[in-house]
Amino acid sequence: MMSIQLSLPANWASNFLARRDPGDRLAALRDDVLEAKAEIRLTLERLVEKHGIPMKEITQAMGSVDDGLSDLVYEQERALILEIEDEDHA
């Protein structure tokens with residue numbers, strides 16, 4: 001029996017996301033970034049503990065993580081901010 005793999009996201013999901021409030025989408029994006037930072041920090045803490053790296057190194061590494069995540073989501077975040085501003089002026 002052959003199975004069919006649907007493309008992601010499905011069309012209905014894309015339509016739903018497009019209709020969601022840009023403020024909600026921006027909040028969700030920012031929450032997801034915070035969650036990613038927390039997960040990365042936990043991973044770094046395990047690495048530091050396992051290999052005897054000084055804990056202070058995590059702070060420096062997290063600075064780079066912050067920069068990278070900011071770069072990663074910048075365009076999407078900016079687009080949502082502009083969408084919110086457009087709605088406020090409408």
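Arg-30 counts as partly exposed, because its relative accessibility is 40%, where partly exposed covers the range between buried (under 20% relative accessible area) and exposed (over 50%), judged with a 1.4 Å probe and protein chains only. This is a predicted model, in which local features need pLDDT of at least 70 and side-chain atom pairs count only at pLDDT 80 or more, while totals for chains, interfaces and linings use all residues. Residues are numbered from 1 along each chain as its sequence is written, and side-chain values use heavy atoms, with hydrogens and water left out.

Let us follow Arg-30 to its partner. Arg-30 forms a salt bridge with Glu-77, and the closest N and O atoms are 2.7 Å apart. Glu-77 belongs to helix α3 and Arg-30 to helix α2, so this pair ties together parts of the chain that lie 47 residues apart in sequence. A salt bridge here is a side-chain nitrogen of Lys or Arg within 4 Å of a carboxyl oxygen of Asp or Glu. Side chains of opposite charge can pair when their charged atoms come close.

Now step back to the whole chain. The protein chain has three helices and zero strands, and from the N terminus on its elements run α-α-α. Helices (H or I, at least four residues) and strands (E, at least two) are DSSP runs, numbered from the N terminus. Of the 90 residues of the protein chain, 17% count as buried. Among contacts with a separation of 6 or more, 63% come from residues 24 or more positions apart, a contact being heavy atoms within 4.5 Å. The chain exposes about 7500 Å², and carbon and sulfur atoms supply 56% of that area; accessible areas come from the Shrake-Rupley method with a 1.4 Å probe, and for residues only the protein chains shown count as cover.

How many salt bridges does a search of the whole structure find? The search finds four. One of them joins the side chains of Arg-25 and Glu-83, at 2.8 Å from N to O. This pair also links distant parts of the chain: Arg-25 sits in helix α2 (residues 22–51) and Glu-83 in helix α3, 58 residues apart. Is Arg-25 buried or exposed? Arg-25 counts as buried because its relative accessibility is 16%, whereas Glu-83, at 29%, counts as partly exposed.

The side chains of Arg-41 and Glu-45 meet at 3.2 Å, N to O. Both residues lie in helix α2, four residues apart, which is about one turn of the helix. Arg-41 counts as partly exposed at 33% relative accessibility, and so does Glu-45 at 25%.

Val-65 lies in helix α3 (residues 56–89) and counts as buried because its relative accessibility is 18%. Glu-57 is found in helix α3 too, and at 31% relative accessibility it counts as partly exposed. The C-alpha atom of Glu-57 is 9.3 Å from that of Leu-44, a residue 13 positions away along the chain.

Our last stop is the surface. Which residues gather there in a patch of negative charge? They are Asp-21, Asp-24, Glu-85, Asp-86, Glu-87 and Asp-88. Patches are made of residues with over 30% relative accessible area and no salt bridge, with like charges joined within 9 Å and nonpolar side chains (Val, Leu, Ile, Met, Phe, Trp, Tyr) within 5 Å. Asp and Glu count as negative and Lys and Arg as positive, with His and the chain ends not counted. Helix α3 gives the most to the negative patch, with four residues. Glu-87 is found in helix α3, and at 42% relative accessibility Glu-87 counts as partly exposed.

Key: The place of a charge is taken as NZ of Lys, CZ of Arg, CG of Asp or CD of Glu.
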